[in-house]
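Here are my notes on the model, point by point. Please read them with the structure open.

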Amino acid sequence: MPMPTEERVSQLVAELVARRGFDLEGVAIAAAGKDELAPVRVKVTVDSDGPADLDAIADLSREMSESLDAAGDFGESAYLLEVTTPGVDRPLTTDRHWRRAQGRKVKVGLADGAEPVEGKKKFEARVGQLADDGTIALVLGGRNKPHRVHVPLADIATAVVQVEFNAPGAAELELAGGIAAGRPVPGDEPADLAAAGQHSDTPTEGVAE
């Protein structure tokens, strides 16, 4: 029986995710092993404004598994369901991503035709506050010469949060407006969280009856 598409799984779990107060950031389906009989891995990424609650994520994982089993799209095929939050090194693609990344360091690439920032089309900066006019405050200069510029989000083609091993300088963090509520201090998160995000303790194994 063909596996359901990522779009189909997104449709099946979207309401559960919203009910728990999360945003659905993505669904990925891939083989869990090289064996033809190996179960597929269904990875659902969710996020929220506040700190990640592992108990809530575990509860959401169980509800998703029950919902997917009831829908029957996997037939008699086994699957492994993993519910996770984004890793720190995630790309910023929506306004809410920028708001939640306030205080983080990002690697920015400007779009073709955009005005260079201090002569550069690619640079690192610390994320500041997102304004109502669609511009984002970015703090350049690092710890030594921090200063703030404002760049239209429409001018930014790519932006990826960087893993940090040291805390930012007080001056640059102040210019950024502090860290988004509920988010870890840069340079202070556990190594596994920085790399892969928080997730339920163990993947949920499901199979439709």
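1. **The β5–β6 pair.** Strand β5 (residues 122–130) pairs with strand β6 (residues 135–140) over three bridges, in the antiparallel sense. Strands pair if DSSP finds at least two bridges between them. Helices (H or I, at least four residues) and strands (E, at least two) are DSSP runs, numbered from the N terminus. Leu130 has Ile136 of β6 as its bridge partner. Val127 is bridged to Leu138, also in β6. The two strands form a hairpin with four residues between them. Gly134 in that turn has a positive phi of about 85°.

2. **Basis of the values.** This is a predicted model, where local features need pLDDT of at least 70 and side-chain atom pairs count only at pLDDT 80 or more, while totals for chains, interfaces and linings use all residues. Residues are numbered from 1 along each chain as its sequence is written, and side-chain values use heavy atoms, with hydrogens and water left out.

3. **The open sheet.** The β5–β6 pair belongs to an open sheet of five strands, ordered β7-β6-β5-β4-β8. The pairing is antiparallel. β7 (147–152) and β8 (156–161) are the edge strands, each with a single partner, so one side of each has no neighbour in the sheet. On average, neighbouring strands are turned by 45° against each other, direction ignored. The axes behind that angle are lines fitted to C-alpha atoms, for helices over the stretch in contact; angles run from 0 to 180 degrees between N-to-C directions.

4. Strand β4 (residues 105–110) is joined to β5 by five bridges, and the two run antiparallel. Here Gly109 has Lys122 of β5 as its bridge partner. Thr135 is bridged to Pro152 in β7. β6 and β7 also form a hairpin, with six residues between them. Gly141 in this turn has a positive phi of about 95°.

5. Which residue other than glycine has a positive phi near 50°? That residue is Glu118. Most residues other than glycine have a negative phi. Glu118 sits in the loop between β4 and β5. Its relative accessible area is 52%, so Glu118 counts as exposed. The classes are buried under 20% relative accessible area, exposed over 50% and partly exposed in between (1.4 Å probe, protein chains only).

6. **Overall make-up.** The protein has five helices and nine strands. Along the sequence the pattern reads α-β-β-α-β-α-β-β-β-β-β-α-α-β. Of its 209 residues, 42% count as buried.

7. **Helix α2.** Helix α2 (residues 54–71) has 18 residues and reaches 26 Å from first C-alpha to last, close to the 26 Å expected at 1.5 Å a residue. The expected span is 1.5 Å times one less than the number of residues. The buried residues of α2 include Ala56, Leu60, Met64 and Leu68. An α-helix has 3.6 residues a turn, so residues three or four places apart point the same way. Gly72 follows α2 and has a positive phi, near 75°.

8. **Contacts across the sequence.** Leu16 lies in helix α1 (residues 6–19) and is buried at 11% relative accessible area. Its C-alpha is 7.5 Å from that of Glu63, 47 residues away in sequence. Pro39, in the loop between β1 (23–31) and β2 (40–47), is partly exposed at 23%. Pro39 and Tyr79 are 40 residues apart in sequence and 4.7 Å apart, C-alpha to C-alpha. Arg41 lies in β2 and is partly exposed at 30%. The C-alpha atoms of Arg41 and Ala30, eleven residues apart along the chain, are separated by 5.4 Å.

9. **The largest pocket.** The largest pocket holds about 330 Å³ of space. Of its 20 lining residues, Asp47, Pro86, Val88, Arg183 and Pro184 are closest to its centre. The lining has nine nonpolar, six polar and five charged residues. Ala, Val, Leu, Ile, Met, Phe, Trp, Tyr, Cys and Pro count as nonpolar, Asp, Glu, Lys and Arg as charged, and the others, Gly among them, as polar. On a 1 Å grid over the protein atoms alone, a pocket is an open set of points where a 1.4 Å probe fits, with protein on both sides within 12 Å along at least five of seven lines; lining residues have an atom within 4 Å of a point. Grid points are joined across faces, edges and corners, and the volume is the space filled by probe spheres set on them.
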